[in-house]
Every structure is written in structure tokens, then in C-alpha cells.
Amino acid sequence: MTLSENHSKRRPLFLHGDMFSRHIAFLFLALILMALAACAAPAPPVDETPKAGVRDELVLATTTSTYDSGLLDYILPDFEQKTGVKVNVISVGTGQALALGRAGDADVLLVHARPLEDEFVAEGYAPARYDVMYNDFVIVGPETDPAGVRGMKTAADALKQIAESESTFVSRGDESGTHFKEKSLWEQAGVAPKGEWYVSAGQGMGAVLNMANEQQAYTLSDRSTFLAMKEKGLELAILVEGDEALFNPYGVLPVKPTKERNTNFGAANAFVNWITGEDAQKLIAEFGIEKYGQPLFFPNAK
Amino acid sequence: MDIILDGVKQAIGLLIHLDPALLEIVALSLVVSGAALLISMLVGIPLGVWLGLRRFLGRRLVVTTVYTGMGLPPVVVGLAVYLFLSRQGPLGELGWLFTPKAIVLAQTILALPLVVGITMTAIAAIPRELVLQLRSLGATQGQINRTLLYEARAGVLAAIVAGFGAIISEVGAVMMVGGNIEHKTRVLTTAIVLETRKGDFALAIALGLILLALTFTANWLMLSLQRRLDSR
């Protein structure tokens, strides 16, 4: 008889059977809750009618580029001071920003993916889309430029060369506005990017630039985020710029309220009027000059 | 409401058709978390037994460190691993950043203290008399350790389950050091973040259900194992 057999006859000294059943009970509870959430009848509308007036908080869903570049921190205080409305910024990809709008979780959107924006309006989620500004994309890569694209005139040609030389290219891969732009450029280049060299990161611009920096890879970035990150020691350079295909227009869309979507339409419209107005447009134009010696966004509201 | 219903429906569809993209993500999640758990067990269980039995100078410091490790914020672990593995970091030469190896490393750092801590507590809870009794029966240290491990099996299994649960569901560190790269470092949790960010909630829910089912299965297997050990 071995020692362990001998002792297995004793009352277990330390038994956590309880802990296991609790673990399982918890998991069951979670499953049941999910199932319930899936089956429950639609919740009654909280508010019968959307409030017309301006409430004092506004949720702005925007792309990472406007936030990461510091633009919003620069211009928003003017809006908050003038209207007394506090702006809560949710900085996400354009895809999620639009989804937030559709669900009524955001009151106003500042995004850059024109076809998706038009679709949003066509579906009735916003009364209209307004021009705000544009910035441009740049193809960045290692100083050594192994694919030899530096100074090329069109982005499509550059991408084609990157693909042919199988130089590592990091893609946002997150259905963001930048990702859409990238996909349209690949289309123009007549290349279906695929293979070891094409890294689909599924992350924001900042994370992708860091990744490109670590792997000394190429990527497509908006100029503003790139310059802001370059300040912090990115070892990448702008290799291709100025191609009209690289322009990146931003639109603002107030989310139309319904019974289900009790959005802050009053404040959203105030925001639209403000950002397309003279003062904000001037702030946009001057942002970045002091720090980078060049503006990052070009106002174009009509 | 429709979003959630659609998500559940789509999840079932993806599972029934054994969607290859989905399987790839699930497999990678299991491989990296499995590897991290295995390393944590191989190192953590002996260490836990040792710490649970021995009395030595500075033990309290070690135990406090282990307990602190049990509550390590994953993002801090992610940040530390990132900085060490970065090109400019001390381990940059390895080229591990944004590879599954980096994820295994971060997850091991997260799971190890859990395995050590819970094993240690379970072992320490066994009355000292048992050790003395065993010794008087002429058991070798190896036999004593094995017996104690067997007595503390519920605790040890709890340690393993806790370790697995902590890392399979972890997202912050995995996102930072793995980079969520498609076909390479995209695991369940980071895929959920991505699909949510894309606004593709249906797929996110599908992935969430799978994650939940995985943890449930892991717990179930552990419980069955414990039952079998008990009935021996």
C-alpha cells in the first residue's frame, strides 16, 4: 500500500469542491443572463419625446486621428466655453463611431469615410453631413526605404512597389476611415495585399505606427497622427505625400433622435454650427503651426 | 435588441459551419494560453509546495510578493513586457514583440503567481501533524510531497483553473504585446475588441459566447477530474 492510498481514506483535509461549484454557478448565471438579454422583450422607451433643448453634456464619437493629434484638445475648450456644454469624446474607428451613432450612444460624429457617411445620412440616422476640414495621408516607412518608394508621385505606384518587394506593411485592418482609404489605394494599385509581408493589426493609428516602427515596416498614416508620434521618437519617415488620392475629408453628422435614440440633438446642432463656423474653422487652421511648423488640418466648411 | 439576437444566431451559425477564421482564433487562444498555463504549472506547483512547507527567513516577504503578483494589473504587465521586448528594450534582440511568444511571456507572468499562491495556501492548510506522521512512517521527502499534493489536489486544481481563467480572458496585455495581428497574434479577446470597434457586434457576441463556453468547459473538465480523483 502506498502512502497516498493510505491517506486518501482519511477525510480530505482541504477540499475546495465548493469553490468549483461556485465557479460553475457563476458561469451558468452569466450564460443565463446572456440568454435572457437575448430573449427579453424590447425595453419600454425611457423618454417619450427627445428633449428639444440643449442639455449640458454631449457625446462626440470621432476617429482616433482627431483625438490623438491633439486637435480636439485644442479646439473644444472654445465650444465648451461658448455653450456651457461639456463634450465627452469617444475616440474610436470610423466603423464603431457610426455604430455608436446608429445605437444612439453618441450625439454627434466627426469622421472621415465619405461613402459610409453618405450611407448613414441615407439611412436617416443624420439629417445631413457637413464638410469640416481635411487633412492628408502619407505613406511612411523606414529611413532606409528598402522598397525604394521615396518621392514617388502616386500612392498607388508606391504600394505596388512595396507589394512587389514584399516589404512589411502594417495595415490598420480595423475598418476605420484610414483602413478604407488604404483599401481603395490597394485597389487603385491593382494589388490584393496578402502574404507574410502584409500585417493586419486591427488597432488604432498610434498602435499601428508603433508596430511599424518596431518592425521597421511601411504603413499608411494620417499626417497629423504621424507628426504627433514622430515627436515622441518614431524612427519612420514620410516617403510619399501630396497625391490627391491621399486627401482625407472630415465630415460632421448630428445624430437624429428617435424614441429609441434619445440623443442630445440640440447640443449636436450647436456643435455642428460651431465647428463649421468662423471661429472654430480659424482654430483648426492654426492648430499645429506652433508645434510642427505646419498646419495639420485644413478647414473647408462652406 | 436585434443586435443581440442576430449575434447569438450568427454565433451558432459560425460554430455549426466551423468557420475557419474563427477556428484559427480559437486555436491560437488555446495554444498560447495553454503554453503559458503549462509553464506556470511546471514552475508554479513545485514552488507553491515548497513555499507552503518551508519556514525560512524572509518567507513573509516572498509570500507577500506572491500575493501581490496574484493581483498584478494586466496592463502594467503588458507595458513592462512591451518595453522589455521593444527594439530599444533590453530583450529587443529576441524579436519577440508582436509574436505569440510575447503573449505567452505576458500570460505566464500573470498566471504564475496565481498558481504559486493558491497551491501554497492549499499545501499550508494541511495540518503539520500529517507531515510528522508521514516522516515517522519513514516516507522520503519526495513521497511526502506527492502525498501532500494529493491531499491538496482540490486547491491545486483551483490554482490551475484560476490561472487559466485569468489569462484566456485577458485582453489588455495581449493587445499590447501581441498586437492583434491577423493570422498571427489575434486571439479571442483582442478579436472581440476589434469587432466591437468595427461596429460588428454580431461577430463580437459570437466570439464572446465561444470564450464563455471555453472557460465553462475548462472548469467542467477540472471538476470531473477532481471527482475522479476523489472517488479513487
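This is a predicted model: local features need pLDDT of at least 70, side-chain atom pairs count only at pLDDT 80 or more; totals for chains, interfaces and linings use all residues.

Student: Cavities to start. How many of 30 Å³ or more does the structure hold?

Tutor: There are 2. The largest cavity has about 40 Å³ of space.

Student: Which residues line the largest one?

Tutor: They come from chain B. Among them are B:Ser29, B:Val32, B:Ser33, B:Gln107 and B:Glu170. B:Ile167, B:Ile168, B:Val187 and B:Leu188 are also included.

Student: Which element gives the largest share of that lining?

Tutor: Helix 2 of chain B, with 3 residues. Helix 8 (153-168) and helix 10 (188-198) of chain B supply at least two residues each.

Student: And how do the lining residues divide by type?

Tutor: For the largest cavity, 6 are nonpolar, 4 polar and 1 charged.

Student: What about the second largest cavity, how does its lining divide?

Tutor: Into 1 nonpolar, 9 polar and 1 charged. The lining includes A:Thr63, A:Thr64, A:Ser65, A:His112, A:Arg172 and A:Ser176. Helix 3 (64-68) and helix 8 (177-189) of chain A each give two or more residues to this lining.

Student: Where does the second largest cavity lie relative to the domains of chain A?

Tutor: Between domain 1 (57-134 + 249-299) and domain 2 (136-247) of chain A, because both give residues to its lining.

Student: Switching to the surface. Which residues make the nonpolar patch on chain B?

Tutor: B:Leu38, B:Ile39, B:Leu42, B:Val43, B:Leu47 and B:Trp50. The patch is about 570 Å².

Student: Where is B:Leu38 found?

Tutor: In helix 2 of chain B, residues 20-53. Helix 2 of chain B also came up in the lining of the largest cavity, where it gives 3 residues.

Student: Now charges. How many salt bridges are there over all chains?

Tutor: The count comes to 14. Take A:Lys82 and A:Asp279: their side chains meet in a salt bridge at 2.6 Å, N to O.

Student: How many residues apart are those two, and where do they sit?

Tutor: They are 197 residues apart, so the pair links distant parts of the chain. A:Lys82 is in helix 4 (residues 71-83) of chain A. A:Asp279 is in helix 12 (residues 278-286) of chain A.

Student: Why can side chains like that pair at all?

Tutor: Opposite charges can pair when the charged atoms come close.

Technical notes. Residues are numbered from 1 along each chain as its sequence is written. Chains are lettered from A and ligands numbered from 1 in the order in which they are written. Side-chain values use heavy atoms; hydrogens and water are left out. Patches are made of residues with over 30% relative accessible area and no salt bridge: like charges are joined within 9 Å, nonpolar side chains (Val, Leu, Ile, Met, Phe, Trp, Tyr) within 5 Å. Accessible areas come from the Shrake-Rupley method with a 1.4 Å probe; for residues, only the protein chains shown count as cover. A salt bridge is a side-chain nitrogen of Lys or Arg within 4 Å of a carboxyl oxygen of Asp or Glu. Helices (H or I, at least four residues) and strands (E, at least two) are DSSP runs, numbered from the N terminus. On a 1 Å grid over the protein atoms alone, a cavity is a set of points where a 1.4 Å probe fits but cannot get out, and a pocket is an open set with protein on both sides within 12 Å along at least five of seven lines; lining residues have an atom within 4 Å of a point. Grid points are joined across faces, edges and corners, and a volume is the space filled by probe spheres set on the points. Ala, Val, Leu, Ile, Met, Phe, Trp, Tyr, Cys and Pro count as nonpolar, Asp, Glu, Lys and Arg as charged, and the others, Gly among them, as polar. Domain bounds come from an automatic or database domain assignment.
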